[in-house]
Amino acid sequence: MTTPLRVAMVGHAFMGAAHSHAWRTAPRFFDLPLTPELAVVVGRDADRAAAAADRLGWADSASDWREVIARDDVDLVDVCTPGDTHAEIAIAALEAGKHVLCEKPLANSVAEAQAMADAAARAAERGVFAMVGFTYRRVPAIALARQLVEQGRIGQVRHVRAAYLQDWIADPQAPMSWRLEADKAGSGALGDIGAHVVDLTQHILGEQITGVAATLETFVKERPLPSSAGSLSGTAGEGTGTVSVDDAALFLARFSGGALATFEATRFALGRKNAIRIEVNGSAGSLAFDFEDMNTLHFFDGADPDETAGFRRIVVTEPGHPYVGHWWPAGHGLGYEHGFTHQVVDLVHALAEGVQPTPSFADGLAVQRVLDAVTRSAADNSTYTPIPGAF
């Protein structure tokens with residue numbers, strides 16, 4: 001019988017459901033050194049929190065996160081709330097001696113992210129650790145891409161193209177939600193989905209973005225107020241609200257190793273449901289990935305003879321591929337939810353070993369600095385804007 005890791009989760013909507021599934025599933029497919037226990041789920045409304053506990057498999061529910069982080073039967077706090085609450089909850093939990101998993105983006109501002117990273121650094125000195133949930137790092141094809149870059153299979157990286165394309169608010173009559181309000185979300189497509197491709201490209205390359213030249217656009221500036229709301233949708237009601245975030249972000253970037261990059265994030269790409277597209281061109285080869293075909297990675301080996309050279313389609317479902325051997329027989333693909341399970345697995349192993357899990361709050365701060373530079377560049381006629389602290 002392994003030592004329990006008693007988890008409290010704050011928030012129980014879209015991300016809360018995904019995280020709950022991961023906490024439940026991880027110990028059933030992976031041998032873990034600690035056993036996750038779904039101790040308590042927290043929501044602002046006591047009745048809804050109780051219903052979520054019953055639906056998602058939590059032993060208890062509560063409506064006050066401050067009381068929960070003071071409980072002796074909680075070892076880790078999983079923060080699945082809108083960005084405007086991340087800093088307060090995460091810092092308080094770390095100061096209370098609880099490990100923290102916090103959804104991305106880490107915060108709504110560099111100042112908040114810096115405070116969180118500082119709190120995490122202080123906590124780490126006491127053996128208390130924090131991780132930010134950039135879950136797409138745990139997609140096996142992405143993990144394989146990182147391995148190939150680390151092994152030098154594509155040589156010196158020269159170009160990066162990254163896009164995250166969705167269409168869930170392309171309809172002007174789609175109602176308002178907290179994701180469209182700057183005071184709650186911090187930014188729109190930039191922070192909600194652009195943060196993912198910023199983190200993924202930095203992770204795959206093992207480098208940081210050093211500067212950007214950007215533009216932001218809000219296509220629909222007024223939307224109906226919701227009569228009811230879902231995780232990423234709702235029903236329009238009476239009256240309208242003002243959209244105070246970007247609908248799309250485009251920016252050029254440079255990486256610390258010298259590569260040039262283009263980035264795009266939009267929730268207005270009709271027909272693209274969750275297209276995370278990353279292509280990396282190096283001096284010895286290239287890699288290409290699209291999350292809408294998430295079990296495959298395309299690899300071009302520049303050493304192949306011209307007569308047979310071409311992108312090879314690698315189906316990343318073999319037992320030797322990252323994470324895959326713990327799941328199904330070879331050839332049986334994984335899905336969106338598996339990244340969250342892999343996140344739990346990596347986090348639990350790091351905690352048991354007493355080492356810093358990744359991505360750390362410092363990594364989350366690095367992404368936040370890029371988002372901030374994009375915003376400042378866009379506000380200054382797309383002026384090239386260096387990233388403070390990038391190396």
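Tutor: Before we start: rings of Phe, Tyr and Trp (its six-membered ring) pair if their centres lie within 6.5 Å. Keep in mind as well that this is a predicted model.

Student: Okay, so how many aromatic pairs does the structure hold?

Tutor: There are 14 aromatic pairs in the structure. One of them joins Phe 300 and Phe 311, with 5.6 Å from centre to centre and 55 degrees between the planes, and that makes a tilted pair.

Student: Why does the pair of Phe 300 and Phe 311 tie together parts that are apart in sequence?

Tutor: Phe 300 belongs to strand S15 (residues 296-301), while Phe 311 sits in the loop between S15 and strand S16 (312-315), so the pair links parts 11 residues apart in sequence.

Student: And how exposed are Phe 300 and Phe 311?

Tutor: Phe 300 is partly exposed, at a relative accessible area of 26%. Phe 311 is partly exposed too, at 44%.

Student: Which residues form an aromatic cluster?

Tutor: One cluster is made of Phe 14, Tyr 136, Tyr 164, Phe 291, Tyr 336 and Phe 340.

Student: New topic: Asp 290. Where is its place?

Tutor: Asp 290 is in strand S14, which covers residues 285-290. Its side chain reaches the backbone nitrogen of Glu 292 at 3.0 Å. Setting aside neighbours within four places in sequence, Asp 290 is in contact with Ala 275, Ile 276 and Arg 277.

Student: Let's do helix H2. Which of its residues are buried?

Tutor: In H2 (residues 46-56), the buried ones include Ala 49, Ala 52, Ala 53 and Leu 56. They span an arc of only 105 degrees around the axis, so they sit on the same side of H2.

Student: What do the buried residues of H2 pack against, and what does the face turned away carry?

Tutor: The buried residues pack against helix H1 (14-29), strand S2 (34-42) and strand S3 (60-62). The face turned away from them carries the exposed residues Asp 47, Asp 54 and Arg 55.

Student: What caps the N-terminal end of H2?

Tutor: Asp 45 does: one of its side-chain oxygens lies 3.0 Å from the backbone nitrogen of Asp 47. After H2 comes Gly 57, with a positive phi near 95 degrees.

Student: Now the open sheet. In what order do its 6 strands come?

Tutor: The order is S3-S2-S1-S4-S5-S6, with parallel pairing. S3 and strand S6 (130-133) are the edge strands, each pairing on one side only. On average, neighbouring strands of this sheet are turned by 25 degrees against each other, direction ignored.

Student: Which helix lies across S1, S4, S5 and S6?

Tutor: That's H4 (residues 86-95), and H4 runs at about 165 degrees to strand S5 (99-103).

Student: How many bridges join S1 to S4?

Tutor: 4 bridges join strand S1 (residues 3-10) to strand S4 (residues 76-79), and the two run parallel. Val 7, for instance, has Leu 76 in S4 as its bridge partner.

Student: How far apart are Leu 76 and Val 7 in sequence and in space?

Tutor: They are 69 residues apart in sequence and 4.9 Å apart in space, C-alpha to C-alpha.

Student: Is Leu 76 buried or exposed?

Tutor: Leu 76 counts as buried, at 0% relative accessibility. Beyond neighbours within four places in sequence, its contacts include Leu 5, Trp 23, His 99, Leu 347 and Leu 351.

Note on methods: Residues are numbered from 1 along each chain as its sequence is written. This is a predicted model: local features need pLDDT of at least 70, side-chain atom pairs count only at pLDDT 80 or more; totals for chains, interfaces and linings use all residues. Side-chain values use heavy atoms; hydrogens and water are left out. Rings of Phe, Tyr and Trp (its six-membered ring) pair if their centres lie within 6.5 Å; planes under 30 degrees apart count as stacked, over 60 as edge-to-face and the rest as tilted. Buried means under 20% relative accessible area, exposed over 50%, partly exposed in between (1.4 Å probe, protein chains only). A polar contact is a pair of N or O atoms within 3.5 Å; within protein, one must be able to donate a hydrogen and the other to accept it, and residues adjacent in sequence count only if both atoms are side-chain atoms. Contact means heavy atoms within 4.5 Å. The arc is that of the directions from the helix axis to the C-beta atoms. Two strands pair if DSSP finds at least two bridges between them. Axes are lines fitted to C-alpha atoms, for helices over the stretch in contact, and angles run from 0 to 180 degrees between N-to-C directions.
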